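Colleague: I would like to go through this model feature by feature. Please give the general idea each time, then the case here.

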Amino acid sequence: MFSLGANELMGLTIQDLMISGDKVAHVQIGNNLEHALLVLTKTGYTAIPVLDPTFTLHGLIGMNLIMDNIFGLERIEFEKLENMKVEEVMNTDIPRLYLHDTIEKGLDLVVNHPFVCVINENNIFEGIFTRRAILKKVKKQIQLANNGNDSE
Ligand code: 2BA
């Protein structure tokens, strides 16, 4: 039996594993849906944060939300892409993590969300906590535990 080193994981905080804000693609309040669609398409991400100029977190915008809002009863209303702002369609009901939250809390949230935004106590965006980051860490811990067992 290998030991997964769960204690080592549990000692970490969200700050230790998050992708910092300067590496996260985002859109700003006031941007129209056309701009959001461009950023989503060019980066390849399905959803990204919506921030304001002070980096305050307001919500998330994703491909599905944009498409859902431009479908009219009879046709796709492409003109809405230019006329509607991200704040009209973004999802504001989102989970948030704080820098010093535990990895366990983060794990709980990424079971149902591909990523969770990380903020400070003033609601300023600090980065994101992703499924990829935590899976990479777990994989490393398993490899270390396996190597330890080999040398026993
Ligand atoms: P998705 O865009 O649906 O991406 C799902 C997974 O596909 C990602 O999981 C990643 O493993 C891979 N992936 C997608 N686009 C990629 C790209 N341009 N470069 C490298 N890998 C890519 P996670 O890394 O766990 O990310 C989960 C979600 O977090 C993503 O969902 C996206 O909505 C968001 N995300 C991740 N990194 C981001 C960043 N730098 N900026 C903005 N949003 C990001």
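Colleague: In which strand is the place of Tyr 98?

Modeller: Keep in mind that the model is predicted. Tyr 98 belongs to strand E5, which covers residues 96-98.

Colleague: Is Tyr 98 buried, partly exposed or exposed?

Modeller: The class follows from relative accessible area: under 20% is buried, over 50% is exposed, and anything in between is partly exposed. Tyr 98 has 38% relative accessibility, so the residue counts as partly exposed.

Colleague: Which residues is Tyr 98 in contact with, leaving aside neighbours within four places in sequence?

Modeller: The contacts of Tyr 98 are Ile 14, Val 118, Ile 119, Asn 120 and Glu 121. As for C-alpha separation, Tyr 98 and Gly 11 are 87 residues apart along the chain, with 15 Å between their C-alpha atoms.

Colleague: Asn 120 is on that contact list. Where is Asn 120 found?

Modeller: Asn 120 sits in the loop between E6 and E7. Its relative accessible area is 13%, and because the limit for buried is under 20%, Asn 120 is classed as buried. Not counting residues up to four places away in sequence, Asn 120 touches Tyr 98 and Glu 126. With Glu 126 there is also a polar contact between side chains, at 3.3 Å.

Colleague: What is the phi of Phe 55?

Modeller: Phe 55 also has a positive phi, of about 75 degrees, and is not a glycine. Phe 55 lies in the loop between E3 and E4. With a relative accessible area of 28%, Phe 55 is partly exposed.

Colleague: How should I read a pair that is separated in sequence? Take Leu 12: how far is its C-alpha atom from that of Ile 103?

Modeller: Leu 12 and Ile 103 are 91 residues apart along the chain, and their C-alpha atoms are separated by 6.2 Å. Leu 12 is in the loop between helix H1 (6-10) and helix H2 (14-17). Beyond four places in sequence, Leu 12 touches Leu 17, Thr 102, Ile 103 and Lys 137. At 19% relative accessibility, Leu 12 counts as buried, because the cut-off is under 20%.

Colleague: Is Asp 22 buried or exposed?

Modeller: Asp 22 is exposed, with a relative accessible area of 68%. Asp 22 lies in the loop between strand E1 (19-20) and strand E2 (27-28). A polar contact of 2.4 Å links the side chains of Asp 22 and Ser 20. Asp 22 and Glu 126 are 104 residues apart in sequence and 8.5 Å apart from C-alpha to C-alpha.

Colleague: What is the volume of the largest pocket?

Modeller: The largest pocket has a volume of about 670 Å³. Its lining has 27 residues, and those closest to the centre are Ala 47, Pro 114, Phe 115, Ile 128 and Thr 130. By residue type, the lining splits into 16 nonpolar, six polar and five charged.

Colleague: Which element gives the most to that lining?

Modeller: That is H8, with four residues. Elements that each supply at least two lining residues include strand E3 (47-51), helix H4 (63-70) and strand E7 (125-130).

Colleague: How many residues surround the ligand?

Modeller: The ligand is surrounded by 15 residues, the closest being Ala 25, Thr 43, Thr 46, Ala 47 and Arg 132. A backbone N or O atom of Ala 47 is 2.8 Å from an oxygen atom of the ligand. A polar backbone atom of Arg 131 lies 3.3 Å from a ligand oxygen atom. On the side-chain part, a polar atom of Tyr 45 is 3.4 Å from a nitrogen atom of the ligand.

Definitions and conventions: Residues numbered from 1 in each chain as written. Predicted model: local features only at pLDDT ≥ 70, side-chain atom pairs only at ≥ 80, totals over all residues. Heavy atoms only, no water. Buried < 20%, exposed > 50% of the residue type's maximum accessible area, 1.4 Å probe, protein only. Contact = heavy atoms within 4.5 Å. 1 Å grid on protein atoms, 1.4 Å probe; cavity = no way out; pocket = protein on both sides within 12 Å on 5 of 7 lines; lining within 4 Å. Points joined across faces, edges and corners; volume = space filled by probe spheres on them. Nonpolar A, V, L, I, M, F, W, Y, C, P; charged D, E, K, R; others polar. Near = heavy atom within 4 Å. Polar contact = N/O pair within 3.5 Å; in protein donor to acceptor, adjacent residues only side chain to side chain.
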